[in-house]
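Let us take a walk through a protein model together. Have the sequence and the 3D view open as you read.

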Amino acid sequence: MSALREKAAWRTLEEHRQQLENQHLRDLFAADPGRAERYRADAAGWRLDYARHRVNDQTLEHLFALARECGVEARRDAMFAGEKVNTTEQRAALHIALRAPARKVIKVDGANVVPQVHAVLKRMGEFALAIREGRWLGFSGRPIRNIVNVGIGGSDLGPVMAYEALRHFSDRKLQMRFVSNVDYTDFAEAVHDLRPDETLFIIASKTFTTLETMTNAHSARDWLLAAADGDKAAVAKHFVALSTNEKAVEEFGISTDHMYGFWDWVGGRYSMDSAIGLSTMIAIGPEAFRDMLAGFHAMDEHFRTAPLERNLPVIMGLLGVWYNDFFGAETVAVLPYEQYLKRFPAYLQQLTMESNGKHVTLDGATVDVATGPIYWGEPGTNGQHSFYQLIHQGTRLIPCDFIGFGQSLNPSGRHHDLLLANMIAQAEALAFGKTLQQVEDEGISQELAPHRVFEGNRPSSLLLTERLTPTALGSLVALYEHIVFTQAAIWNINPFDQWGVELGKQLALRVVDEIESPRKPLNHDSATNATIAWYRKARSKTDEGASKSPAKAQRKVLVLDIGGSHVKAMLTGSQREVAIKSTRTLAPAEMIKQLRTMIRGWKYEAVSIGYPGPVVHERIAREPYNLGKGWVGFDFAKAFGCPVKIVNDAAMQALGSYEGGRMLFLGLGTGLGSAFIVDGIIEPMELAHLPYKKGTFEDYVGARGLKKLGKKKWHAHVFDVIEQLQAALEPDYVVLGGGNVRYLNELPAGVRRGDNHNAFAGGFRLWENKA
Ligand SMILES: O=P(O)(O)OC[C@H]1O[C@](O)(CO)[C@@H](O)[C@@H]1O
């Protein structure tokens with residue numbers, strides 16, 4: 001028998017469990033009207049309501065006695081003091097130092113680590129602000145607008161969860177994406193609609209050796225270099241590293257000036273508040289990030305100083321042990337009633353299961369009690385319509401953690417009341433159920449009655465606070481970190497190593513070598529040999545049909561932007577633009593002839609054409625105003641020898657400028673281009689020729705109007721026309737493109753300046769999107 005099962009408190013709990021066996025939560029509530037008041041504890045702005053648990057005062061007494069007997073307090077103090085509590089790796093576990101205020105002193109091997117933490121935070125803050133303020137420019141001189149975090153495990157789950165959780169506080173001008181899986185689809189989809197020259201890659205890896213992350217990082221570099229014509233200098237502008245491994249970062253080609261470090265005493269799954277949180281800081285800004293750290297610290301201080309009986313992480317940790325080891329409950333459901341916490345259960349899975357999924361104690365003896373339970377969950381109310389059935393009426397005991405907020409970040413009508421009403425009702429239904437008597441009293445037939453009975457007696461915790469702020473998120477995460485720690489202390493296991501992930505990693509390296517060297521003999525077991533043989537065959541079929549290189553996998557598109565003064569062209573993956581002059585006699589055959597000399601050597605598989613006039617179902621509907629004749633009915637596909645898509649030129653630029661919602665695009669050029677996009681669907685428009693004053697819109701705001709009326713009057717008409725169109729069409733925003741937009745020093749409210757380059761982006765998107 002292990003030392004744990006021999007402990008006096010453990011034995012008492014085993015006996016006590018039997019005494020409690022026949023007590024339903026209904027009985028416990030009836031016998032103790034004050035339990036709702038007493039079984040409540042507060043910390044760092046959070047309230048824990050644990051009245052709906054199968055415990056009474058004696059149970060709690062025995063559980064706290066167990067914690068004391070297992071030395072939870074001494075272990076906690078050792079962790080906070082920087083002792084090497086991660087004994088199998090001979091490291092401290094000092095994530096609490098990542099959020100310690102600057103004045104604190106926390107030593108590892110005699111050196112205070114707090115100043116280093118704050119030095120990194122300061123550098124991160126400066127970088128985050130440079131991105132947020134548009135001062136960090138990509139290789140073409142355009143500001144960074146897209147941030148792609150490349151990492152896995154703790155270098156991904158925390159950042160993803162925090163970004164989703166704090167999205168309300170994030171800068172919506174920035175696109176945040178996350179790539180973790182070695183499946184190339186993850187990368188391909190993440191960068192699918194991004195401009196390389198506006199994209200920053202954050203390579204997040206504590207070790208900087210993780211196979212998935214390094215493979216994705218190299219693909220990201222190839223993707224960028226393909227767009228930057230191979231100019232390696234572009235890497236410095238588009239890559240930063242978050243790591244503890246300076247040497248590997250430099251070998252990858254990222255200078256240490258662009259590296260944000262952390263230390264071996266930060267475990268991957270405990271690292272979202274270290275440099276690994278750079279994406280979070282960019283999204284929400286350094287100030288809000290500091291608020292999040294303050295939230296973490298507040299819970300740390302509570303855990304460090306509060307008596308066990310009022311200590312939230314300790315109470316929740318012990319309740320977890322109670323069900324896991326005395327009731328055989330194998331899982332815990334985490335049910336946030338807050339959509340922004342949709343990735344919280346996934347985050348908790350690594351935190352809890354990689355930490356406490358252990359089979360030996362600290363001294364290497366096999367445990368003989370169950371350790372880490374399985375964590376899972378989904379946000380309410382969605383889960384109610386899927387798996388709650390099993391929690392209510394299935395045969396398993398599943399303790400639930402409900403997480404709820406007093407206020408919604410997006411209040412509207414009754415939504416939040418309904419949400420919270422559901423959460424409260426679920427906790428009530430689980431605890432008290434519905435007896436056969438109650439069912440029969442409702443007049444339900446005898447045959448149906450058993451199906452309608454709810455046994456109840458199913459425990460849950462309610463974690464409540466006012467709003468999901470950065471501070472609240474910090475304390476919530478710290479709460480679970482310390483729950484995990486408390487349980488590990490009881491089970492006498494090491495929550496800070498993860499040897500269990502190693503074997504699979506090593507075998508994968510051997511298998512990939514065997515897959516890629518098809519003649520190598522296979523010396524695994526017969527099942528593994530057979531599967532490798534199957535895949536060797538299957539992949540050889542794919543190799544014939546599809547290209548393996550990521551650059552080639554993208555369709556090469558030639559985009560032509562035909563305008564009244566120039567016809568411009570660009571090719572997928574290049575930033576080089578070529579142009580020929582337009583004339584009032586330019587016909588399509590002549591245009592193609594002139595272009596051919598400019599684009600000699602360009603290889604493309606498809607063509608996009610932005611045409612300055614009406615286009616219906618990808619066919620030119622009218623000859624252009626400012627060019628020659630012969631455009632209607634011209635066979636472009638034949639002339640280019642590949643498929644061609646034709647759209648109105650404003651529609652193409654609009655598509656390239658589109659960022660969601662309802663967008664009106666107006667092109668102030670020779671004429672007045674216009675297009676409207678709603679939820680990704682383009683509606684090209686011909687607003688230019690609508691009557692306005694003594695002519696049409698175009699007469700006043702097109703190039704002719706500008707020449708005739710002069711800048712001042714033209715300016716006033718542009719503002720007036722925009723106002724009229726905003727009132728009529730109610731767009732979320734207006735994008736003003738076209739060459740003449742440069743004559744507007746200021747813009748009306750709700751209007752952004754477009755960029756002519758977006759025409760090319762739109763042309764490329766035509767072959768990617770259904771739009
Ligand atoms: O940050 P790294 O070193 O790339 O590691 C990623 C993840 O891999 C693991 O080491 C094992 O899966 C995790 O603990 C860690 O979070």
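In which pocket does the ligand sit? The ligand sits in the second largest pocket. On a 1 Å grid over the protein atoms alone, a pocket is an open set of points with protein on both sides within 12 Å along at least five of seven lines, and a molecule sits in one if more than half of its atoms lie within 2 Å of its grid points.

Before going on, note that this is a predicted model, where local features need pLDDT of at least 70 and side-chain atom pairs count only at pLDDT 80 or more, while totals for chains, interfaces and linings use all residues. Residues are numbered from 1 along each chain as its sequence is written, and side-chain values use heavy atoms, with hydrogens and water left out.

Now look at the ligand's surroundings. There are 14 residues around the ligand (a heavy atom within 4 Å), and Ser155, Ser205, Thr207, Thr210 and Glu354 come nearest. This shell consists of two nonpolar, nine polar and three charged residues; Asp, Glu, Lys and Arg count as charged, Ala, Val, Leu, Ile, Met, Phe, Trp, Tyr, Cys and Pro as nonpolar, and the others, Gly among them, as polar.

Which atoms lie beside the ligand's oxygen atoms? Ser205 places a polar side-chain atom 2.6 Å from a ligand oxygen, and for Gln350 such a distance is 3.1 Å. Lys206 instead uses a backbone N or O atom, 2.7 Å from an oxygen atom of the ligand.

Most residues other than glycine have a negative phi, and most peptide bonds are trans. Gln90, however, has a positive phi of about 50°, and the peptide bond from Gly380 to Thr381 is cis, with omega near 5°.

Note on methods: Polar contact = N/O pair within 3.5 Å; in protein donor to acceptor, adjacent residues only side chain to side chain. 1 Å grid on protein atoms, 1.4 Å probe; cavity = no way out; pocket = protein on both sides within 12 Å on 5 of 7 lines; lining within 4 Å.
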